[in-house]
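Here is a short briefing to go with the sequence and structure you are about to open. Keep the viewer at hand and follow along.

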Amino acid sequence: MSRVSNLASYGSCFLLILGSLALSGCIKNDLPYPRIPQNILELEAEGQTKEAFIDSLAFEATVYFDEQADLTNVRFTKYVISPDATSDPDLLDGEYDLSSPLTVTLSLYQDYVWEIKASQVIERYFTVAGQVGETVIDPVAHRVIVTMPDGTDLSRLTLTSVKLGPADITTMTPDLKPGPLDLSVPLSVEVTAHNESEIWTIYAEVTETVVSTSRVDPWSKVIWAYGEGPSEIKNGFEYRRTSDTEWTPVPEQYVTQNGGSFFCYIPHLEPLTEYAVRTVAGEDVGNEVIVTTEATADIPDGDFEQWYQTEKGMWNPWNKDGERYWDTGNTGSMTMKVNLTTPTDHTVTGSGIAARCESKFVSLFGIGKLGSGSIFTGEYLRTDVTDGVLGFGRPWKLRPTKLKGYMQYQGVPISHTSADFVDFKDRPDSCQIYVALTDWTAPYEIRTKPSNRQLFNPDADYVIAYGQLTFSGVQDNYVPFEIELKYKSTAKIPSYLQITCTASKYGDYFTGGAGSVLYIDQFYFDWDY
């Protein structure tokens, strides 16, 4: 089109705009306002212990406080919301009561109601010499129950430790200290912190049971067992297959004593096998608990052998007609005709296929951002302008102990950064592999767009177990690796598995070295210790 015709087009558009403005006073605008959810992006408060968990799908934010924080008078120090949104109330103005959830309304065209919650764990303990099992401390009913062996004189007990409120700011009336203690009748104690008082009641009970097995959690090749017994006796466990008659003592190095409570792990067991477990204390034995160990399973496509390329050239880590288990960020990068993650014949064994993840600057006419080559369990859902939206996780119910496999990394200096990571420029890039077991009820949505960002948080309450490997440098060949899963609970059964591998650790923030390459091959789980 010529310069003249361009100007003509622009002039026609200008006249149409003027006409629209002239008619705007008499034509009703029936177009609905766009629905653009407004989000809390960052949230910090005095007394906070770790990064707040912000769930922009549920419109909820949880702030984690130390035990000395006064939840009735919380002062926020940082509050960042979506651009152009307004907040009622403005959390940077004044103090707020988070002893119960706080409602905040963010508005832009429509209202979006958020709930801000506080999470605070106060360490409390109360122990008596010779007690059986662990003290029951009920912070809701404000009561303490300690169990003693049958025949104990409850008027002549010895208190060994006590803490019923936040450290350093709690007073008790009467002032309980280690030493003689009379619990022949319930004892009332006034516990005061932040000028608020609670009346706690302390009870003592007696039991004829010397030692008991309280819980047994069977995994695939490991069993965790928990018991209660006299605090001044060396307590332990025994186990056997139910098809055997001989009991095997659990070695002392596998047993952890915690006063009258104790637990152990029993390794080197067989999957799908029935075992009996019991506690022992001296000559006394506790009740037997019979459990069956879980199965083991391979990681689907953990050898990264399955790939196919679409007609438009995009590589996918599954067979054309096969089931998807892994995915990559290629859907996003291919809008610029670039594959970040591809198959490679550079493998551990010298045959077959492995995965190659490379970080590249993805651009059009010089405008773009760094894309980190990655592969993850889940699915690439969509692209939001230039940012990816992912569905993390695949259903999984077993409890492995370690993720193992082979990796090779060739890192380069960080060449591209986002505004938050400018100090990282020219530092060595790092790769990352992490594994998590979660209690999600559906795949977890990951968003990298800064104004709507939601990333995986290993400290979140939804994580049951987690482990990671980060490496910076250059490896000439494949090396074996293992990542131990650290469990928050041995009893919880996961619902989802998440494994993520990326050539640039800070790729979610578009920060990394263009040219960093991560090779991975032969992933599998270990089930033993």
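Predicted model: local features only at pLDDT ≥ 70, side-chain atom pairs only at ≥ 80, totals over all residues.

**Nonpolar cores**
- The largest nonpolar core holds 37 residues, and the members that touch the most others are Leu403, Ile499, Ile520 and Phe523.
- At least two residues of this core come from each of β17 (223–228), β28 (354–358), β34 (402–410), β35 (431–438), β37 (463–471), β38 (479–484), β40 (496–502) and β41 (517–526).
- If you leave aside residues up to four places away in sequence, Ile520 touches Phe304, Ala354, Ala355, Ile375, Tyr406, Met407, Ile433, Tyr478 and Cys501.
- Another core, of 23 residues, lies apart from this one, and its members include Leu43, Ala52, Ile81 and Leu102.
- As background, nonpolar side chains tend to be buried together in soluble globular proteins.

**An open sheet**
- Four strands form an open sheet in the order β19-β18-β22-β23, and their pairing is antiparallel.
- β19 (248–249) and β23 (284–292) are the edge strands, each pairing on one side only.
- Strand β18 (residues 235–241) runs antiparallel to β19 and is joined to β19 by 2 bridges.
- Glu238 has Pro249, in β19, as its bridge partner.

**The second largest pocket**
- This pocket has a volume of about 630 Å³.
- Its lining has 26 residues, of which Leu71, Gln120, Ile122, Arg124 and Glu198 are the closest to the pocket centre.
- β7 (110–120), β14 (187–193) and β15 (196–207) are the elements that each give two or more residues to the lining.
- By type, the lining residues are 12 nonpolar, 8 polar and 6 charged.

Notes:
Residues numbered from 1 in each chain as written. Heavy atoms only, no water. Core = buried A, V, L, I, M, F, W, Y, C linked by side-chain atoms within 4.5 Å. Buried < 20%, exposed > 50% of the residue type's maximum accessible area, 1.4 Å probe, protein only. Contact = heavy atoms within 4.5 Å. Pairing = 2+ DSSP bridges. 1 Å grid on protein atoms, 1.4 Å probe; cavity = no way out; pocket = protein on both sides within 12 Å on 5 of 7 lines; lining within 4 Å. Points joined across faces, edges and corners; volume = space filled by probe spheres on them. Nonpolar A, V, L, I, M, F, W, Y, C, P; charged D, E, K, R; others polar.
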